[in-house]
Amino acid sequence: MSVIINAEHISYSYPADEAERPVEALRDVSFSVAEGEFVAILGHNGCGKSTLAKILCMILQPGEGTLSIDGKDMTADDITEEDINQGRRKVGMVFQNPDNQLVATIVEEDVAFGPENLGYPPEKIRRRVDWALETVGMTKYARHATHRLSGGQKQRVAIAGAIAMHRKCIIFDESTAMLDPHGRKEVMDTITRLNREEGITVIHITHYMNEATMADRVLVMQKGGIIMEGKPAEVFSRTEELWAAGLDVPQTTELLWHVRRAGYDVALDIFDPEKCAAEIARALKGTAHGRDNT
Amino acid sequence: MAEITLENVTYIYGKGAPYEMRALDDVSLTFRSGEVTGLIGHTGSGKSTLVQMLNGLLRPDSGKVLLDGKDIWEDPKKIQQIRFQVGLVMQYPEYQLFDETVEADISFGPKNMGLAPEKIKEAVARAAQFAGLAPELLKKSPFDLSGGQKRRAALAGIMAMEPAVLVLDEPAAGLDPGGRREILGRIREYQRESGANVIIVSHSMEDMALYCDRVLVMENGRLVMSGTPAQVFSQADALIAVGLDVPQITRVARALQDVGVDIGLDIYTVKFAAQRLLSGREAHEG
């Protein structure tokens, strides 16, 4: 599989305010994301997640290091404005606050905003908008007013706007943080569908551990660097390290950790309530009956 | 003492318009001082409308809002006095921050309460510390802060008035797990020390279970359930029926019962589940 994003030794500091020193936000960050992958990024507030997201979609330029998008080095000396714009068209971003990112008053006009600005002919815009709304399940709201939508619906419109421009990769910067459980599920279902059915690469920044369990790979950030990386099962099995980093694990993992500490042999990397219950039942019965069944 | 009672409160948005919507429908309930009450309900259930009733941002179409037995709308000109006693921290801190510096923003409440300058300074320092805002942030513009810091600044602006009733709409949204625990823990502490009446609106059942004495559930503009977290969360099916989620650990408890390991259904924290599950069941080494 080809690599869509390759970051090598990226550092970034926010410029100094009057009389203050520059604030280091990222230090020597290297990682790559394969096309079609679903990567979750976890970490404290202020650990550099959002800064990294802004660098990946080229809102900010790295202070040091190299960033390649779809094989093109965006930090090369001879990079042109046109190359950067090409890169920006490949990587889009959906933000946290559903009220801050819709620009039009009607749903389909909002989704058309990007394709219009790319200068697509009207019939192509129509096709892109219809496809994007269909993909996020908002077709029947095409003519609705954006301000009357729920938070989850607004986020889905924002996603439609991002994919209408043929983007290969979308970065979600805590896009579920302000939503209720229902809205969160709507958005997560949309994200997983985009990833699985449309092959769009997803980078999802979140504080919800259960959302991270849906990813192919999890990166954990602390103090501007990546401290852990692996499949969700691998990362959440390192329960105590995550706690030490001020992060949580899914409640299933936390319960299994208690069960293991009490001397039972259980796995920690189970995120489904039913499977977790089955694992505990197996372990408890196992000690009573010499681990003969199930 | 600061007890808030709603008596048969009804509120209708866009009365007479085609979009007319009954956001609150004959709601009667009491928020008792000395308690942390959690208010849950899916988006559109009426909980945000209810919250705006408590400090007089909205006025009931019918019914009464009583603060310590007194109708807060008895003299509409004095509604500002109510807002010094009932502090509301909104869901989006951007809606509430406005001044040039964080310090000026936090000072706004105490200044309007007519406190002397040195008292204002004290109140600001105390509130900033409470909300975990580093002193160097006080000179910054609130709009240069990170999302988490803005949330803390908005909280400090309300805490500076030391409200007898503290209403928080999603106080921990967008904070990392450590930040959530810190902020909610401090709010709990404030309630214990001051005996304040604290009301938290949240989608996080886990947080509700950990920090609230009592949980109220709203649906379609009505109060449909109330009780201790254990009482409310043990009715998982009823909660799911009104579009709410139960904590993941509560689902595990249900699943355990299905496979013959009964630890009860009134489980809403992992620690409690672990205790029930493991007491008397320590495995023997080897």
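These legends walk through several views of a predicted model with chains A and B.

**Figure 1. Chain B as a whole.** Let us start with one chain on its own. Chain B is built from 11 helices and 10 strands. Its C-alpha trace covers about 70 × 50 × 35 Å along the principal axes. How does the radius of gyration of chain B fit that of a compact globule? For 286 residues, a compact globule would come out near 19 Å, and the 21 Å of chain B agrees with that.

**Figure 2. Chain A as a whole.** Now turn to the partner chain. Chain A also comes to 11 helices and 10 strands. Along its principal axes, the C-alpha trace of chain A spans about 70 × 50 × 40 Å. With 294 residues, a compact globule would have a radius of gyration near 19 Å, and chain A, at 21 Å, agrees.

**Figure 3. Where chain B touches chain A.** This view looks at the contact between the two chains. Chain B brings 37 residues to the contact and chain A brings 38 residues. On the side of chain B that touches chain A, helices α5 (147-159), α6 (177-194), α10 (248-258) and α11 (270-278) of chain B each supply at least two residues. Which of the helices of chain B gives the most to this side? It is α10(B), with 7 residues. Sorted by class, this side of chain B holds 18 nonpolar, 12 polar and 7 charged residues.

**Figure 4. Helix α10 of chain A meets helix α10 of chain B.** Here we zoom in on one pair of helices from the two chains. Helix α10 of chain A (residues 251-261) packs with α10(B) at an angle of about 60 degrees, and their axes are 8 Å apart. Angles of 65 to 115 degrees count as roughly perpendicular and those under 35 degrees as roughly parallel, so α10(A) is oblique to α10(B). From α10(A), the residues in contact are A:Gln251, A:Thr252 and A:Leu255, while α10(B) contributes B:Gln248, B:Ile249 and B:Val252. By class, the contact of these two helices has 3 nonpolar, 3 polar and no charged residues.

**Figure 5. Helices α3 and α4 within chain B.** Is their crossing left-handed or right-handed? The crossing of α3(B) and α4(B) is right-handed. On the α3(B) side you can find B:Glu103, B:Ile106, B:Ser107, B:Pro110 and B:Lys111. They meet B:Lys119, B:Ile120, B:Ala123, B:Val124, B:Ala127 and B:Ala128 of α4(B). This contact has 7 nonpolar, 1 polar and 3 charged residues.

**Figure 6. Two domains of chain B.** The domain assignment gives domain 1 (1-74 + 164-177 + 186-245) and domain 2 (247-286). Their C-alpha centres lie 30 Å apart. The contact between them takes 9 residues from domain 1 and 7 residues from domain 2. On the side of domain 1 that touches domain 2, α7 (205-211) and α8 (229-233) of chain B each supply at least two residues. The most comes from α7(B), with 4 residues. By class, this side of domain 1 has 7 nonpolar, 1 polar and 1 charged residues.

Notes. Residues numbered from 1 in each chain as written. Chains lettered and ligands numbered in written order. Predicted model: local features only at pLDDT ≥ 70, side-chain atom pairs only at ≥ 80, totals over all residues. Nonpolar A, V, L, I, M, F, W, Y, C, P; charged D, E, K, R; others polar. Left-handed = near helix turned anticlockwise from the far one by under 90°. Domains from an automatic or database assignment. Rg over C-alpha atoms; globule rule 2.2 N^0.38 Å. Axes fitted to C-alpha atoms, helices over the stretch in contact; angles between N-to-C directions. Parallel < 35°, antiparallel > 145°, perpendicular 65-115°, else oblique.
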